[in-house]
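I opened this notebook to keep track of what I looked up.

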Amino acid sequence: MQELLEKYVDRIMVNTCFFDDKASLKKIIDMYGSQSVLAFVDVCTSETSFKLMRDGARTFANATIVEHISDLNELGISELVVRDLSNQ
């Protein structure tokens, strides 16, 4: 990851990594800045709620979307993309 960020790419997108390895993600943010990480948030909507998804949108996460965005903010991620997968 270090070589990629230093030589080839400006940013990386994360999704499931956030759920599984926050410590490594925090190290990346500390080393390269929050602008280097883009959080990709997958949701499935219904008439009454949003369900947070992970693992390439194959499984539901155990957090609410509000909790997840709050956690991303606390970690220092400054940009996120929310993708609604309800019709896919």
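My entries follow, from the overall fold to single residues.

**Entry 1: overall layout**

I noted first that this is a predicted model. I then looked up the secondary structure. The protein chain has four helices and five strands. Along the sequence they run in the order α-β-α-α-β-β-β-α-β.

I checked the extent next. The C-alpha atoms fill a box of roughly 45 × 25 × 20 Å along the principal axes. The protein chain has 88 residues, and 32% of them count as buried.

**Entry 2: the core**

Which residues have the most contacts inside the largest nonpolar core? I found Leu25, Val37 and Ile77. That core has 17 residues. Strand S1 (12-14), H3, S2 and H4 each give two or more residues to this core.

Val37 is then in contact with Ile12, Val14, Leu25, Ile28, Ile29, Ile77 and Glu79. Two residues on that list, Leu25 and Ile77, I had already noted among those with the most core contacts.

**Entry 3: salt bridges**

I turned to charge. Side chains of opposite charge can pair when their charged atoms come close. How many salt bridges does the count come to? The count comes to five.

I took Asp71 and Lys22 to begin with. Their side chains meet in a salt bridge, at 3.9 Å from N to O. I noted the cut-off here: the nitrogen must lie within 4 Å of the carboxyl oxygen, so this pair counts. The pair links distant parts of the chain, 49 residues apart. Asp71 sits in helix H4 (residues 65-75), and Lys22 in helix H3 (residues 22-32). Asp71 is partly exposed at 29% relative accessible area. Lys22 is partly exposed too, at 40%.

I moved on to Lys26 and Asp30. Their side chains form a salt bridge at 3.3 Å, N to O. Why are these two separated by about one helical turn? They are so because they stand four residues apart in helix H3. Lys26 is partly exposed, with a relative accessible area of 33%. Asp30 is exposed, with 54%.

Asp42 and Arg83 came next. They form a salt bridge, with the closest N and O atoms 2.8 Å apart. This pair also links distant parts of the chain, 41 residues apart. Asp42 lies in strand S2 (residues 37-45), Arg83 in strand S5 (residues 80-84).

Is Asp42 buried or exposed? Asp42 is buried, with a relative accessible area of 2%. I recalled that buried means under 20%, so the value falls within that class. Arg83 is partly exposed at 34%.

**Entry 4: a salt-bridge network**

I then found a linked group. Asp20, Arg54 and Asp55 are joined in a network of salt bridges. I looked up Asp20 on its own. Asp20 belongs to helix H2 (residues 16-20). Its relative accessibility is 53%, which means that Asp20 counts as exposed. The Asp20 side chain makes a polar contact with the side chain of Arg54 at 2.7 Å.

**Entry 5: back to Asp71**

I wanted the surroundings of Asp71. Leaving aside neighbours within four places in sequence, Asp71 is in contact with Phe18 and Lys22.

Asp71 and Asp42 are 29 residues apart in sequence. In space they are 15 Å apart, C-alpha to C-alpha.

**Entry 6: the surface**

I ended on the outside. The protein chain exposes about 5800 Å². Carbon and sulfur atoms supply 49% of that area.

Which residues form a nonpolar patch on the surface? I found Ile69, Leu80 and Val82. Together they have about 210 Å² of accessible area. I looked up one of them in more detail. Val82 lies in strand S5, and Val82 is partly exposed at 45% relative accessibility. Strand S5 also holds Arg83, the partner of Asp42.

Technical notes:
Residues numbered from 1 in each chain as written. Predicted model: local features only at pLDDT ≥ 70, side-chain atom pairs only at ≥ 80, totals over all residues. Heavy atoms only, no water. Buried < 20%, exposed > 50% of the residue type's maximum accessible area, 1.4 Å probe, protein only. Core = buried A, V, L, I, M, F, W, Y, C linked by side-chain atoms within 4.5 Å. Contact = heavy atoms within 4.5 Å. Polar contact = N/O pair within 3.5 Å; in protein donor to acceptor, adjacent residues only side chain to side chain. Areas by Shrake-Rupley, 256 points an atom, 1.4 Å probe, with all protein chains shown as cover. Patch = residues over 30% accessible without salt bridge, like charges linked within 9 Å, V, L, I, M, F, W, Y side chains within 5 Å.
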